Amino acid sequence: MQVKMILPALTEAKSPFFRPIKYSLFPPLGLATLAAYLSLDDEITIQDEHVETLNLDDAPDLVVIQVYITSARRAYEIADHYRCRGVFVALGGLHVTSLPAEATQHADVIFLGPGEDTWPQFLDDFRNGRPAPCYQSTHRTLLNLPPIRRDLIKRHLYLVPNSIVVSRGCPHKCDFCYKEAFFQGGNGFYTQTVDDALVEIERLPGKHLYFLDDHLFGNVPFASALFDGMRGMGRLWQAAGTVQSVLRPGLLEKAVACGLRSLFVGFETLNPENLRAQRKFQNLNRDYNSAVRRLHDLGVMVNGSFVFGMDDDDETVFTRTVEWAISQGIETATFHILTPYPGTALYSRMAEQDRLLHQDWDLYDTRHTVFKPAQMTAEALELGYWQAYRDFYRWGSIWHGAMTKQDWYGRIRHATYAGGWKKFEPFWDMVIKTKRVGHSRPFLEKILSGFGRLG
Ligand code: B12
Ligand code: SF4
């Protein structure tokens, strides 16, 4: 059977603000995970429109498309194209799960939730000639998974080909997060066995890893055993974690001992009222300054994530947040405009309050205001968002942040990491055009390792 798996480009990836490097980081891990359930006799291709031009001139037996909210338009276009050619089209992913009635108009079959239980069931049904129109995941497990088909990934096109997830979901329930909608009808947080996770890590060549888990530290016994098992593997890795997990004594130290060198931390807001309103209780009453200090003292760089536009935010939020981040020496920051994704508690609340401005999913990209903010205009929210990026990444700010580090190694590491991410766009464009993104990985590893001083 010929199977084509497609990750369509997100709309913003085609916009004038497109930063190619952001979309050349990670390969389509979800599709490679699903490919593992196909047979070795099947002819499978995975195409990622962020890094290659799609060839749509074929007529495989089955087309599989992963749909994110801002790739929905493009995904449906590709799906319609193949269906016109008589090809059977399967759609799945976050957006399909949020809005099945919309997706089903463009598909022969849709999948709601994670695919590990429903996808193999569908493949049996499809081969037997009686596929159902919709499969809803209920039985959630990562036990006995077939090995991810990493051989189908074009590694050289990505800066971080070694992306990995060893859990799914998260134990928390923030109102704005996709998680509750996606995992509806079953377990919302579960992990692999530690042994299986270690085997998957062993399969990855080189040093660098990026854990894409929503919350790698969410199950403490699991994370602790995983970090023990990774000790001595010689890895350098990055991941995402909460403020709470950073402050927990012991676990962070274990992570650092096995190679954690940079962490994405969801600070989201400096305002406790906002945290309460979004039910982000795990961040309440946590000392953000101590969390950053703990990470830095252990040699871990911080990518702080912040959301603007919650109901307690007025126009002072941008400057206050940026100044705090710079004063703490946070190396990189990711800012977002609050975005009510369909299916989330936040979306229902905004709809009830009649505050949604439109349902143009292309603009639900966390760069546009899609709802009526409580204490500023929609325009002010967007302007403030862009200003925050400019203010945080100007050379003066980078220098200021770098000077919070204790020695020159730390300062140079800070400046090269922050500058490398946001200031060297022409360089990244050139390496992407010449398909040499992978060649930049040793440079990334050098910075993460503090130029060799942190192992
Ligand atoms: C990598 C990543 C990206 C990459 C995506 C490209 C890529 N190569 O995958 C990049 C950097 C481009 C990116 C960008 C953004 N991202 Co992002 N990203 C992720 C991340 C960290 C990992 C994705 C992943 O690989 N997961 C692991 C694999 C195994 O799971 P999966 O891809 O979901 O696939 C499974 C299922 O979805 C399902 N499935 C998927 N497709 C199909 C198809 C079929 C037919 C079937 C059967 C099943 C199926 O089965 C798979 C196996 O279970 C997730 C968080 C997370 N942990 O998932 C956030 C996440 C997807 N991103 C998010 C956000 C907010 C964004 C941005 C808006 C951020 C920003 N401001 O720039 C943008 C735009 C995305 C958008 N919504 O339009 C949110 C999504 C919110 C939403 N409702 O869309 C997430 C969930 C993070 C979060 N906790 O909020 N992101
Ligand atoms: S902690 Fe992060 S991943 Fe977990 S529910 Fe909240 S926003 Fe979602």
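User: Before we start, what should I know about the model and its numbering?

Analyst: The model is predicted, so local features need pLDDT of at least 70 and side-chain atom pairs count only at pLDDT 80 or more, while totals for chains, interfaces and linings use all residues. Residues are numbered from 1 along each chain as its sequence is written, and chains are lettered from A and ligands numbered from 1 in the order in which they are written.

User: Happy with that. How many residues does helix α15 have, and how far does α15 reach?

Analyst: Helices are DSSP runs of H or I with at least four residues, strands are runs of E with at least two, and both are numbered from the N terminus. The expected span of a helix is 1.5 Å times one less than its number of residues. Helix α15 covers residues 378-392, which makes 15 residues. From first C-alpha to last, α15 reaches 21 Å, close to the 21 Å expected.

User: Which residues of α15 are buried?

Analyst: A residue is buried if 20 or more other C-beta atoms lie within 10 Å of its own, exposed if 12 or fewer, and partly exposed in between, with C-beta atoms placed from the backbone. In α15 the buried ones are Leu-381, Gly-384, Tyr-385, Ala-388 and Phe-392. Looking down the axis of α15, these buried residues fall within an arc of 105°, so they line one face of the helix. The arc is that of the directions from the helix axis to the C-beta atoms.

User: What covers the buried residues of α15?

Analyst: Two residues are in contact if their C-beta atoms, placed from the backbone, lie within 7 Å. The cover over the buried residues of α15 includes strands β13 (301-308) and β14 (332-337), together with helices α13 (317-327) and α16 (395-402).

User: Let's turn to α13. Which of its residues are buried?

Analyst: They are Val-317, Phe-318, Thr-321, Val-322, Ala-325 and Ile-326. Down the axis of α13, the buried residues fall within an arc of 150°, so they too line one face of the helix. Their packing partners are β13, β14, α15 and α16. After α13 comes Gly-329, with a positive phi near 70°.

User: And α16: which residues are buried there?

Analyst: Ile-398, Gly-401 and Ala-402 are buried in α16. They cover an arc of only 100° around the axis, which puts them on the same side of α16. What covers them includes α13 and α17.

User: How do I read the packing of α16 with α17?

Analyst: Start with the axes, which are lines fitted to C-alpha atoms, for helices over the stretch in contact; angles run from 0 to 180 degrees between N-to-C directions. Here α16 and α17 (residues 408-422) pack at about 145°, with axes 8 Å apart. On the α16 side the contact is made by Ile-398, Gly-401 and Ala-402, and on the α17 side by Arg-411, His-414, Ala-415, Ala-418 and Gly-419. These residues divide into four nonpolar, three polar and one charged. In that scheme Ala, Val, Leu, Ile, Met, Phe, Trp, Tyr, Cys and Pro are nonpolar, Asp, Glu, Lys and Arg are charged, and the others, Gly among them, are polar.

User: What is phi in Thr-366, and is Thr-366 buried or exposed?

Analyst: Most residues other than glycine have a negative phi. Thr-366 has a positive value near 65°. Thr-366 sits in the loop between α14 (345-352) and α15, and counts as buried because it has 20 C-beta neighbours inside 10 Å. Phe-451 also has a positive phi, near 60°. Phe-451 lies in the segment after α19 (441-448) and counts as exposed, with 12 C-beta neighbours inside 10 Å.

User: Which residues does Pro-373 touch?

Analyst: Leaving out residues up to four places away in sequence, Pro-373 touches Gly-309, Ala-378 and Leu-381. Pro-373 is in the loop between α14 and α15, and is buried, with 21 other C-beta atoms within 10 Å.
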